[in-house]
Each structure stands twice: as C-alpha cells, then as structure tokens.
Amino acid sequence: MFVLFGILTAALLTDLFRSRIPNLLILIGYLSGITCAVLTENPWYLCLFDGLAILLFLYPLYLIGAFGGGDIKLLSVIGLFLGLPSTVNIVLTAIMAGAVCSVIKIIFLLSCRRKISFSNLTIHFSLPIFIGTILIVFGGISWITF
C-alpha cells in the first residue's frame with residue numbers, strides 16, 4: 001500500500017507542476033503492482049486483467065476528452081494494486097471529488113473576478129484520484145459491490 005501511495009503522490013506532484021503524468025512513473029507502477037501480486041502469491045495475470053479492464057473501460061472517456069491519458073493509466077495502476085471492485089469505487093468517488101473541485105475552482109474564479117472560459121476550467125484530475133483512493137482505502141466507502 002505504501003508503494004501505491006508513493007506513486008499516487010509522485011503523480012499528483014508532477015501533474016500539478018508539469019500538467020502531465022510521466023509514462024516512466026506509470027511503468028514503475030505497473031511493475032510494482034505485478035511484483036506485489038507475485039510476492040503476495042496472487043495470480044499475476046488476474047492483477048494484470050484488472051488493470052487492463054480499467055484501462056479499456058475508461059478509454060472511451062479519454063476519447064471524448066473527459067479524462068486525460070495519464071489519469072486513465074494512473075487508474076489502471078490502482079487496478080493492479082487494489083483489484084477491479086475497489087478501483088471502480090475509486091473511479092466513482094474521484095468523479096464526485098472532481099465535481100467538488102470544479103465547483104470550488106469556479107467559485108474561486110468568480111471571487112477573483114476573472115473571466116471564466118473553457119481553458120481555465122480544467123482541473124488536474126490526479127487530485128480527485130488521490131482523494132478517492134484515500135476515501136475508499138481508509139474510509140471504507142463502497143458504492144458498488146460485486
């Protein structure tokens with residue numbers, strides 16, 4: 001779990017400062033997730049299936065511009081570590097946290113009397129992913145069970 005939160009923290013910081021999540025960090029996440037599955041004697045191919053399922057499930061949202069490519073790859077890394085049910089709950093929680101972050105950003109822009117346009121309404125979605133992961137892992141929230 002420590003490794004996962006290290007990867008999420010690094011992704012959050014690079015997304016905030018450089019507006020992108022490096023592919024090297026995603027590769028380290030994939031290798032770490034598979035290694036953790038092997039060390040805990042879980043079948044590595046099921047772990048890989050969970051990550052791939054999340055990637056394929058969210059790819060259409062990337063195509064329409066709802067998510068960035070790094071965000072989807074980061075969620076697939078979470079799928080490697082936590083499995084499909086927890087990751088689906090994290091995605092739902094992250095979408096709700098993203099909505100809250102968006103409303104906060106709009107209120108901030110309005111309070112500063114800045115012009116609101118589509119270019120300044122984007123948020124770094126690694127923050128809602130981080131918040132969603134904390135809420136699901138430590139808060140015990142569960143939206144969907146299967």
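Tutor: Let us begin with a definition: axes are lines fitted to C-alpha atoms, for helices over the stretch in contact, and angles run from 0 to 180 degrees between N-to-C directions. The model before us is predicted. In it, the axes of α4 and α5 cross at roughly 145° and come within 7 Å. The crossing is right-handed.

Student: Which residues of α4 and α5 meet?

Tutor: From α4 there are Leu-75, Ile-78, Gly-79 and Leu-82, and from α5 Leu-84, Ser-86, Thr-87, Ile-90 and Val-91. By class, this contact has 6 nonpolar, 3 polar and no charged residues.

Student: Why are α1 and α4 called roughly antiparallel?

Tutor: Helix α1 (residues 2–18) and helix α4 (residues 69–82) pack at about 170°, their axes being 10 Å apart. Angles over 145 degrees count as roughly antiparallel, and α1 and α4 are therefore described in that way. Among the residues making the contact are Val-3 and Ile-7 of α1, and Leu-74 and Phe-81 of α4. The contact divides into 9 nonpolar, no polar and 2 charged residues.

Student: What makes Asn-89 buried?

Tutor: Buried means under 20% relative accessible area. Asn-89 has 4%, and is therefore buried. Asn-89 belongs to helix α5 (residues 84–111).

Student: How do you know that the side chain of Asn-89 makes polar contacts?

Tutor: The pair of N or O atoms must lie within 3.5 Å. A polar atom of the Asn-89 side chain lies 3.1 Å from the backbone oxygen of Pro-85, and this side chain reaches the backbone nitrogen of Trp-143 at 2.9 Å.

Key: Residues are numbered from 1 along each chain as its sequence is written. This is a predicted model: local features need pLDDT of at least 70, side-chain atom pairs count only at pLDDT 80 or more; totals for chains, interfaces and linings use all residues. Side-chain values use heavy atoms; hydrogens and water are left out. Helices (H or I, at least four residues) and strands (E, at least two) are DSSP runs, numbered from the N terminus. Buried means under 20% relative accessible area, exposed over 50%, partly exposed in between (1.4 Å probe, protein chains only). A polar contact is a pair of N or O atoms within 3.5 Å; within protein, one must be able to donate a hydrogen and the other to accept it, and residues adjacent in sequence count only if both atoms are side-chain atoms. Angles under 35 degrees count as roughly parallel, over 145 as roughly antiparallel, 65 to 115 as roughly perpendicular and the rest as oblique. Contact means heavy atoms within 4.5 Å. Ala, Val, Leu, Ile, Met, Phe, Trp, Tyr, Cys and Pro count as nonpolar, Asp, Glu, Lys and Arg as charged, and the others, Gly among them, as polar. A crossing is left-handed if the near helix is turned anticlockwise from the far one by less than a right angle, and right-handed if clockwise.
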